[in-house]
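Please keep the sequence and the model in view while reading.

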Amino acid sequence: MALELAIATVMVLLTVGIHGVGILGMARVLSGLDARRGQYRISPVSWEGATMAGAVALGLLSLHGVEIWLYAYVFMMLDAITSLRDAVYFSTISYATIGYTDAPILEEWRLLGAIEGVNGTLLMGWSVAFFVTVMTRILPRARR
């Protein structure tokens, strides 16, 4: 169990680092766009607003995809799951906290899958918070 917890700790630190760098990168790009445009708000009915929302959503999905595949790779390297398809499937349902029990994983590595679920929940929450922050720049101001 100690090895499993050590690997889980490394994975959490690694995925949090990846996620942080990815969100920081997106935030810097958005900040640069604001500086060039000379304003913070974007019209919600503009192509620019739609493009920004779509790009941020795809960027966040890409980050989650990298993190899911990283866990799948670790499951394969540990021989906890025998096929790539099963490893990606198990990693995805664990990360998204769906938690189906039909995915084959060796019993001695199940805790790693559970910790991936907690990690995924936190990273998805972070993504939602970032996305909401970006969307407040696009949505129209409330009228008083």
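The points below cover a helix and its packing, an aromatic cluster, and a loop residue.

The model is predicted, so local features need pLDDT of at least 70 and side-chain atom pairs count only at pLDDT 80 or more, while totals for chains, interfaces and linings use all residues. Residues are numbered from 1 along each chain as its sequence is written, and side-chain values use heavy atoms, with hydrogens and water left out.

**Helix 4 and its packing**

- Helix 4 has 29 residues and spans 42 Å from its first C-alpha to its last, close to the expected 42 Å; helices are DSSP runs (H or I, at least four residues), numbered from the N terminus, and the expected span is 1.5 Å times one less than the number of residues.
- Among the buried residues of helix 4 are Leu112, Gly113, Leu123, Ser127 and Phe130; buried means under 20% relative accessible area, with a 1.4 Å probe and protein chains only.
- The buried residues of this helix pack against helix 1 (2-37), helix 2 and helix 3.
- Ser127, at 5% relative accessibility, touches His19, Leu60 and His64, not counting residues up to four places away in sequence; contact means heavy atoms within 4.5 Å.
- The axes of helix 2 and helix 4 come within 10 Å and cross at roughly 170 degrees; axes are lines fitted to C-alpha atoms over the stretch in contact, and angles run from 0 to 180 degrees between N-to-C directions.
- Helix 2 and helix 4 are therefore roughly antiparallel, a term for angles over 145 degrees.

**The aromatic cluster**

- Two aromatic pairs are found in the whole structure; rings of Phe, Tyr and Trp (its six-membered ring) pair if their centres lie within 6.5 Å.
- Tyr71 and Phe75 form a tilted pair, 6.4 Å centre to centre with 35 degrees between the planes; planes under 30 degrees apart count as stacked, over 60 as edge-to-face and the rest as tilted.
- Both Tyr71 and Phe75 are buried.
- Phe75 and Phe90 have ring centres 5.2 Å apart and planes at 80 degrees, so this pair is edge-to-face.
- Because Phe75 lies in helix 2 and Phe90 in helix 3, the pair ties together parts 15 residues apart in sequence.
- Tyr71, Phe75 and Phe90 form one aromatic cluster.

**Ala80 in the loop**

- Ala80 lies in the loop between helix 2 (47-77) and helix 3 (84-95) and is buried, with a relative accessible area of 3%.
- Beyond its neighbours within four places in sequence, Ala80 is in contact with Phe75, Pro104, Ile105, Leu106 and Trp109.

How values were computed
Helix = DSSP H or I, 4+ residues; strand = E, 2+ residues; numbered from the N terminus. Buried < 20%, exposed > 50% of the residue type's maximum accessible area, 1.4 Å probe, protein only. Parallel < 35°, antiparallel > 145°, perpendicular 65-115°, else oblique.
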